[in-house]
Amino acid sequence: MGEKYKGNKQNKIPFNGTKKEYHTQCPFCSVQCKMKLVEYENHDQKEYEVIPVNNPASEGRLCIKGRNAHQHVMAKDRITQPLLKVNHEFVPISWEKALHIIKSKFTKIKQGEGNHALGVYGGGSLTNEEAYLLGKFARVALQTKYIDYNGRFCMAAASSAAQKTFGIDRGLTNGLDEIVQARCIILAGTNIAECQPTLIPYFSKAKQRGAFIIAIDPRETETTALADLHLRIKPGTDAALANGILKIIVDNEMVNQQFIQERTNGYESLKEHLASVQLDQVEDITGISIDLIKQVAFKFGKAQTGMIFTARGVEQQIDGTLAVRNFINLLLVTGKIGRNGCGYGAITGQGNGQGGREHGQKADQLPGFRCIENPEHRAYIAKVWNIDEKNLPGKGVSAYEMMEKVHQGEITGLFIMGSNPVVSNPNVNFVEEGLKKLKFLVVVDMFLSETGRLADLILPTSSYLENEGTMTNLEGRVTLRKATKKPPRGVKHDWEILCEIARVLGKEKFFSFTSPEDIFNELRVASRGGKADYYGITYDRLTQSEGLFWPCRSLDDPGKARLFEDSFASIDGKAHIIPVLNEDKKEKTSDEFPLYLTTGRILKHYLTGVQTRRSPQLNRDNNESFLEIHPQTAEKFHIKDGAWVKLESRRGSATVRSKLTHRIRKDTVFVPIHWGDNQSINRVTSQALDPYCKIPGFKICAVNIIPIDDPV
Ligand SMILES: Nc1nc2c(c(=O)[nH]1)N[C@H]1C(S)=C(S)[C@@H](COP(=O)(O)OP(=O)(O)OC[C@H]3O[C@@H](n4cnc5c(=O)[nH]c(N)nc54)[C@H](O)[C@@H]3O)O[C@H]1N2
Ligand SMILES: Nc1nc2c(c(=O)[nH]1)N[C@H]1C(S)=C(S)[C@@H](COP(=O)(O)OP(=O)(O)OC[C@H]3O[C@@H](n4cnc5c(=O)[nH]c(N)nc54)[C@H](O)[C@@H]3O)O[C@H]1N2
Ligand code: SF4
Ligand SMILES: [Mo]
């Protein structure tokens with residue numbers, strides 16, 4: 001046997017231990033970068049090396065989160081046994097006992113208060129198979145209408161805007177490779193450089209080829225640094241800005257009449273509305289000069305090709321749906337969609353944020369993007385599930401509204417899989433109070449999260465390295481994540497947990513799956529003929545390919561990267577333009593709460609931080625939350641750099657450290673979302689929801705800030 005080495009070609013180190021390779025995909029964001037984790041073991045010492053693997057989306061790149069993702073999997077405090085709360089302390093119990101307790105608690109609640117006293121809350125990290133199964137679990141095993149998931153806080157506005165405008169919701173209407181063909185790109189409320197870093201080369205390449213990039217963000221970020229023009233917009237005013245741009249495009253005849261006539265409807269009402277839009281008012285509302293708005297309109301209007309991307313900055317607003325629709329209006333009036341280098345993209349958030357919103361985790365949805373209130377859709381799914389359609393519950397409510405029902409005592413038993421709502425919901429003090437009132441709370445997680453601490457029972461689940469399944473990336477490309485590592489002893493996969501609970505509840509025959517592929521084959525049939533049709537996708541095809549785009553309707557369908565070349569997915573085949581008014585119902589600043597707060601992310605942490613705070617490499621330089629504040633604002637509020645600051649709103653308070661920076665507007669402060677307890681910024685945010693899609697307005701509320709000596 002030859003000498004063994006570790007390290008790469010350039011840096012080979014002799015090594016005599018054992019070496020294992022795990023092929024996988026990053027558990028974090030929606031790019032789903034592929035990678036190989038190499039484990040070197042020598043005398044019980046383990047070392048890890050992460051090697052990026054080439055694939056069409058990431059093109060062989062990995063960001064710092066991906067490179068360190070394995071660290072939380074190896075963390076010493078992984079939960080490996082079910083934990084039952086007894087006298088305020090968790091004690092390990094057997095799976096058999098855990099399942100018995102679930103059976104008796106759920107049955108008691110169902111018998112005493114009815115099926116709808118149980119609620120199910122899922123997440124966008126779950127595989128397609130598990131998201132599908134969770135929807136079926138709620139409706140068939142528990143027979144409750146109450147199921148929703150954390151994607152409601154994430155993709156809901158973009159999803160409802162795309163469905164209403166195009167008739168279909170797939171995050172990107174084109175493959176990523178078309179970005180380099182765009183001559184003008186608008187990045188609205190998206191911080192790709194920190195949130196999907198491996199996508200940045202697509203944009204820098206486009207720029208090298210002459211694209212003009214416009215970023216719209218109240219803050220300077222690594223993403224706005226890439227732009228030729230940065231509009232430091234006042235938070236919450238994107239819809240009005242889009243009106244200003246549209247007006248200039250229409251008034252200066254930069255519209256594509258042929259496209260409007262052949263491919264859209266509603267243009268006349270938009271034109272009428274724009275006639276009443278005053279540019280000086282738009283300037284007042286948005287804080288962006290008419291001059292800059294004109295520059296944007298002419299650049300975008302005159303460009304041969306163009307793309308618009310939005311993310312949570314525009315979408316997590318109480319007018320999120322309409323704001324996105326107004327940006328899409330820009331594409332439609334200029335005819336920049338459905339051809340090379342022209343399209344819309346909602347930059348999806350979670351690893352399976354796309355697939356997780358297609359197959360029934362949503363309150364009003366059945367698999368394949370079917371609608372739970374449509375009689376034909378209900379009949380089809382009832383047949384696939386082999387149940388009587390009468391027994392298929394109706395529409396439930398959105399994630400935060402479910403928490404209201406918990407608070408009101410209407411839902412008394414809750415099952416959470418893949419989310420940490422006590423940190424990620426808006427108005428978290430209220431949510432926490434509600435969860436404490438529950439008669440029975442089950443949390444399925446790898447770790448004891450902030451929400452887990454409130455649970456009566458915690459079930460340990462497997463990680464991305466251990467759990468096989470398909471994930472649909474931000475392009476709508478379905479990929480197969482292989483499981484190459486064994487889960488720790490005592491840990492079960494999410495899908496196994498659902499099947500086992502269904503079994504003890506007497507619903508075994510509907511959940512007799514023996515593998516993720518087994519579940520996927522049912523999902524394929526359930527999605528067949530739906531908008532998100534996965535029928536033509538199989539594990540074999542995924543193994544042999546780099547992933548397949550949906551819709552994929554038959555086994556020889558190659559899938560489609562670019563949508564809407566000839567028609568839209570709406571009933572009349574046209575895209576629907578609508579007028580969006582400059583209405584502003586958002587919380588206003590006042591003497592008591594004089595600043596705007598906006599919230600978001602930083603590079604090295606992921607969502608509520610449960611995973612990334614357990615990664616020493618990621619946590620090292622970012623182990624506490626902070627407040628970005630302009631030096632002049634800080635001076636006014638007597639706040640020094642690095643000092644503790646208490647933020648207060650009409651709902652609650654949080655304590656974080658100040659970070660003085662010129663990179664933010666003077667009327668706005670920014671706090672990231674990755675910490676819990678007294679640093680949890682959602683103690684401050686507002687519960688106001690977008691009326692169309694029920695996404696919370698996470699990106700704006702009014703606050704006061706007070707310097708304090710010690711954190712409270
Ligand atoms: N590092 C990291 N990456 C992630 C995640 C993470 O937690 N950490 N989470 C993943 C998930 S689930 C998601 S949803 C995505 C989120 O991805 P993004 O939406 O890109 O991230 P955010 O930081 O929430 O918000 C983006 C930007 O919106 C700006 N913004 C705030 N208010 C407004 C406004 O009113 N108008 C405009 N135009 N901009 C505004 C913020 O300053 C911020 O820079 O990232 C994914 N990737
Ligand atoms: N103020 C404010 N609040 C926000 C946002 C914002 O921008 N501002 N963004 C919102 C957005 S976009 C999102 S997506 C939400 C996300 O909010 P959460 O859903 O709370 O996000 P996570 O931190 O991913 O929580 C996931 C939990 O599930 C566990 N987990 C991870 N993978 C799995 C798995 O495969 N199975 C199971 N059973 N458990 C798993 C993790 O350990 C973690 O405890 O937060 C929202 N909240
Ligand atoms: S966090 Fe996103 S960009 Fe970074 S490695 Fe993971 S999937 Fe890729
Ligand atoms: Mo998200």
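Me: Where is Pro551 found?
Reply: Pro551 is found in the loop between strand E23 and strand E24, the latter covering 575-576; helices (DSSP H or I, at least four residues) and strands (E, at least two) are numbered from the N terminus. This is a predicted model, in which local features need pLDDT of at least 70 and side-chain atom pairs pLDDT 80 or more, while totals for chains, interfaces and linings use all residues. Residues are numbered from 1 along each chain as written, chains are lettered from A and ligands numbered from 1 in the order written, and side-chain values use heavy atoms, without hydrogens or water.

Me: And the peptide bond from Trp550 to Pro551, is that cis or trans?
Reply: The bond that leads from Trp550 into Pro551 is cis, and its omega is near -5 degrees.

Me: Which sheet does E23 belong to, and in what order do the strands come?
Reply: E23 belongs to an open sheet of three strands, ordered E21-E22-E23 with antiparallel pairing, where two strands pair if DSSP finds at least two bridges between them. Strand E21 (469-472) and strand E23 (548-549) are its edge strands, and each of them pairs on one side only.

Me: How many bridges join E22 to E23?
Reply: Strand E22, which takes in residues 477-481, is joined to E23 by two bridges, with the two strands running antiparallel. Within that arrangement Val478 stands opposite Leu548 of E23.

Me: Which helix packs on that sheet?
Reply: Helix H4, residues 128-142, packs on the sheet and touches both E21 and E22, contact meaning heavy atoms within 4.5 Å. The direction of H4 makes about 95 degrees with that of E21, using axes fitted to C-alpha atoms (for helices over the stretch in contact) and N-to-C directions on a scale from 0 to 180 degrees.

Me: Switching over to the sheet with seven strands, what is the order there?
Reply: The seven strands are arranged as E7-E6-E20-E19-E18-E8-E9, in an open sheet whose pairing is mixed. At the edges sit strand E7 (89-92) and strand E9 (147-149), each pairing on one side only. On average, neighbouring strands of this sheet are turned by 20 degrees against each other, with direction ignored.

Me: Do E8 and E9 pair in the parallel or the antiparallel sense?
Reply: Strand E8 (residues 118-122) pairs with E9 in the parallel sense, over three bridges. For a residue to look at, Tyr121 has Asp148 in E9 as its bridge partner.

Me: Which strands does helix H3 lie across?
Reply: Helix H3, spanning residues 95-113, lies across strand E6 (83-86), E8, strand E18 (413-417), strand E19 (440-445) and strand E20 (457-460). Relative to E19, H3 runs at about 140 degrees.

Me: Stepping back, what does the domain assignment of the chain give?
Reply: The assignment, which is automatic or taken from a database, gives domain 1 as 1-159 + 352-579, domain 2 as 172-347 and domain 3 as 595-707. The contact between domain 1 and domain 3 takes 32 residues from domain 1 and 32 residues from domain 3, and the centres of these two domains, taken over C-alpha atoms, are separated by 28 Å.
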